[in-house]
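Subject: Structure for your files

Hello,

Here is the structure I promised to pass on. My notes follow below it.

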Amino acid sequence: MKRDRNRSGQTATTPDSAGIGQASPGLITAHHGIEVEVLFATGKRRMVRVKRSSGHVVGDEVEVTGEVLLRLPRRTELRRRDGRGGIHLVAANLDVLGIVVAPHSPTGFIDRAIVAARVALLQPFVVVNKCDLEDSATLLADLQRIYAGSVPVFALSARNRTGLATLQAFLHEGHRAVFVGASGVGKSSLLNALCPAIDLKVGKVSDHSGQGRHTTTVSTLHALDGGGELVDTPGFRDFGLVDITAEELSSHFPGFEEHGEVRCRFRNCRHRTEPGCTVISLVELGQIPADRYNVYLELLAEVEAAP
Ligand SMILES: Nc1nc2c(ncn2[C@@H]2O[C@H](COP(=O)(O)OP(=O)(O)OP(=O)(O)O)[C@@H](O)[C@H]2O)c(=O)[nH]1
Ligand SMILES: [Mg+2]
């Protein structure tokens with residue numbers, strides 16, 4: 001049997017019985033624009049041609065007959081809006097969302113990503129990478145103060161391989177995870193640290209900007225030793241919300257979850273001016289920081305103005 005290296009760096013086998021004559025179930029593990037890599041139940045992989053607009057994404061379960069892909073219904077879908085308003089499906093059938101940040105990387109999208117994940121029925125978590133760098137302590141302290149009461153926060157260094165064990169244990173329980181975050185925060189490096197056999201390409205950070213250079217260009221799905229799967233994605237700047245209602249935002253905004261819906265006078269309280277709003281009184285008492293409440297109000301205005 002012929003073996004070759006495909007673009008996601010994994011060993012592929014030529015077709016044999018992989019969906020050639022009869023419909024065979026498989027999983028999309030990489031998307032290269034005009035073709036996708038499918039992993040079949042038999043363990044074989046092959047590339048199948050698709051139209052650019054076919055809408056398939058990594059994590060899709062499919063039935064393949066020749067070059068025909070039948071997509072099976074999705075369990076979950078995670079979508080984001082880019083800076084120009086375009087909507088992107090991050091991946092399908094995910095269980096957990098890893099939001100990766102590092103010193104000097106953007107952090108403004110964390111709240112949006114947490115809300116989007118919760119609405120899509122994914123469990124979100126935050127990964128602070130590059131904790132070997134001196135200036136990581138302030139970032140970590142800030143993020144722990146804001147998020148540790150709401151979601152797991154992992155502090156680690158892919159380079160020094162510190163802090164990996166707790167994340168590994170979490171991922172082994174988590175079925176299928178995806179890492180998202182700006183270019184250069186170390187998503188691919190983390191995957192390599194968690195599972196060295198994967199050997200993904202990692203980039204150089206420019207000394208000038210401290211930002212990455214979009215080293216990863218396609219999303220790829222990998223099985224982790226010890227259980228669970230992880231999707232590596234290309235870096236992006238924006239995680240705009242897609243089709244989120246004001247009520248969903250008010251129940252899922254990180255930091256409000258224990259106080260919101262249950263105790264406000266109105267079940268669909270938007271925590272802005274409603275009488276009997278628990279969130280407003282906690283802000284007045286200083287138990288919810290004013291800066292967090294202001295971020296919430298900004299997102300609320302964004303959600304209310306969305307088409
Ligand atoms: N100091 C330090 N550098 C790291 C660490 N992890 C990754 N890096 C470096 O950060 C740079 C970018 O790493 P990548 O893994 O390519 O980042 P990425 O998030 O996958 O970037 P894109 O694929 O462009 O989205 C590389 O030079 C890595 O060596 C870390 O824990 N500490
Ligand atoms: Mg990468």
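Helices (H or I, at least four residues) and strands (E, at least two) are DSSP runs, numbered from the N terminus. The model is a predicted one.

Asparagine 129 sits in the loop that joins β11 (123-128) to α2 (136-147). With a relative accessible area of 2%, asparagine 129 is buried. Polar atoms of its side chain lie 3.0 Å from the backbone nitrogen of alanine 158 and 2.9 Å from the backbone oxygen of valine 185. Leaving aside residues up to four places away in sequence, asparagine 129 also touches, among others, Val100, Pro103, Leu156, Gly186 and Leu190.

The magnesium ion (ligand 2) has Ser188 (OG) and Thr216 (OG1) as its protein donors, 2.0 to 2.1 Å away. These two come from distant parts of the chain, 28 residues apart: serine 188 belongs to helix α4 (residues 187-194), and threonine 216 to the loop between α4 and β14 (220-223). Serine 188 is buried at 8% relative accessibility, and threonine 216 is buried at 17%.

Helix α8 (residues 290-305) has 16 residues, which at 1.5 Å a residue should span 22 Å; the end C-alpha atoms are 23 Å apart, in agreement. Its buried residues are Arg292, Tyr293, Tyr296, Leu299, Leu300 and Val303. Viewed down the axis of α8, they fall within an arc of 120°, so they line one face of the helix. That buried set packs against α1 (110-119), α2, α5 (246-252) and α7 (278-284). Exposed residues Glu298 and Ala305 are on the face of α8 turned away from the buried side.

Regards

Definitions and conventions:
Residues numbered from 1 in each chain as written. Chains lettered and ligands numbered in written order. Predicted model: local features only at pLDDT ≥ 70, side-chain atom pairs only at ≥ 80, totals over all residues. Heavy atoms only, no water. Donors = N, O, S within 2.8 Å, 3.2 Å for Na, K, Ca; no water. Buried < 20%, exposed > 50% of the residue type's maximum accessible area, 1.4 Å probe, protein only. Polar contact = N/O pair within 3.5 Å; in protein donor to acceptor, adjacent residues only side chain to side chain. Contact = heavy atoms within 4.5 Å. Expected span 1.5 Å × (residues − 1). Arc of directions from axis to C-beta.
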